[in-house]
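Hello,

My notes on it follow below.

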Amino acid sequence: MALLLPSVRLLPTPSRATAPTSSPLSVRRTRPWGLPLSRVRCCASGTPHPAAAAREAAASWVGQLAGAVPWKAAVSGALALAVSFTCFVANARTGVNKPELLPKEFTTVIDVAGFLSSGQENRLRQEIEDLEKDTGYKLRVLAQNYPDTPGLAIKDFWQVDERTIVFVADPTFGNIINFNIGPLVDLDVPRSFWSQVSGKYGNMFYWKEKGEDASIEAAVTAISRCLRDPAGTNNCSEVL
């Protein structure tokens, strides 16, 4: 005679919640110049940290990296940091507003840090002018050493809109390349492109070896090539 065994119901094992981990390579930085444009999207998503916390975290990470990591690994670390970079998020409470640092006449390149020679500035202006004529995109370059920056004053000076790319070159936090991307540009250019430009030309090993001016010029050239690419799935897929 067969034995009837009581049925046993197996309860699903509850999944163990994994505590989110944070990496010293995923430092978020608030923008050292305030640009309160509600419709301008940053090139990376997430909630910005306060400026003071970001500065402290970035400084701590750079110090640990320099003292404990071999040079080649440090380069990789800098590139990884660039991949997780964000454009500086507007913060009107801490933003700098120094219109006296603006040039008297309109220009698409403002170098209050003195990184560029007059010849380099002229070449960048010409490249930006040609790019705007050919594509309609407005590239603007601000070279600064926070807090010595026009800050909020550039919004009206440049008439920043949805087709504007504000490129801020500032070595304060290690990576010199930061972007603020207008939403119409964001629709046409993959966000990974901006991370690649920042990782390749903005890491501190690149600009310390070649100079801040070389980083700025290389980034502008890469942006110009990208924006001139025909629209498609592979546009701006490489940073040369």
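Subject of the notes: cores and confidence

In this predicted model, the largest nonpolar core has 36 residues, and those with the most contacts inside it are Ile165, Phe167, Phe179, Phe193, Trp194, Val197 and Ile216. At least two residues of this core come from each of helix H3 (118-135), strands E2 (138-143), E3 (164-169) and E4 (177-181), and helices H6 (191-201), H7 (204-210) and H8 (212-228). H8 gives the most, with eight residues. Beyond its neighbours within four places in sequence, Ile165 is in contact with Lys138, Leu139, Arg140, Phe179, Asn180, Ile181, Val185, Trp194, Ile223 and Leu227. There is also a second, separate core of 10 residues, including Leu102, Ile154, Val166 and Val168.

Gly182 lies in the loop between E4 and helix H5 (183-188). With a relative accessible area of 0%, Gly182 falls under the 20% cut-off and is therefore buried. Asp161 is 21 residues from Gly182 in sequence, while their C-alpha atoms are 6.6 Å apart in space.

On confidence, the mean pLDDT of the chain is 73, with 60% of its residues at 70 or more. Among the elements, E2 has the highest mean pLDDT (98) and helix H2 (residues 71-83) the lowest (39). Two stretches deserve a mention. The pLDDT is below 50 over residues 5-11, and this stretch has zero contacts in the model beyond near neighbours in sequence. Residues 34-93 also have pLDDT below 50, but that stretch has 116 contacts beyond near neighbours in sequence. Where pLDDT is low, predicted coordinates should not be read in detail.

Regards

Methods
Residues numbered from 1 in each chain as written. Predicted model: local features only at pLDDT ≥ 70, side-chain atom pairs only at ≥ 80, totals over all residues. Heavy atoms only, no water. Core = buried A, V, L, I, M, F, W, Y, C linked by side-chain atoms within 4.5 Å. Buried < 20%, exposed > 50% of the residue type's maximum accessible area, 1.4 Å probe, protein only. Helix = DSSP H or I, 4+ residues; strand = E, 2+ residues; numbered from the N terminus. Contact = heavy atoms within 4.5 Å. pLDDT = per-residue confidence, 0-100.
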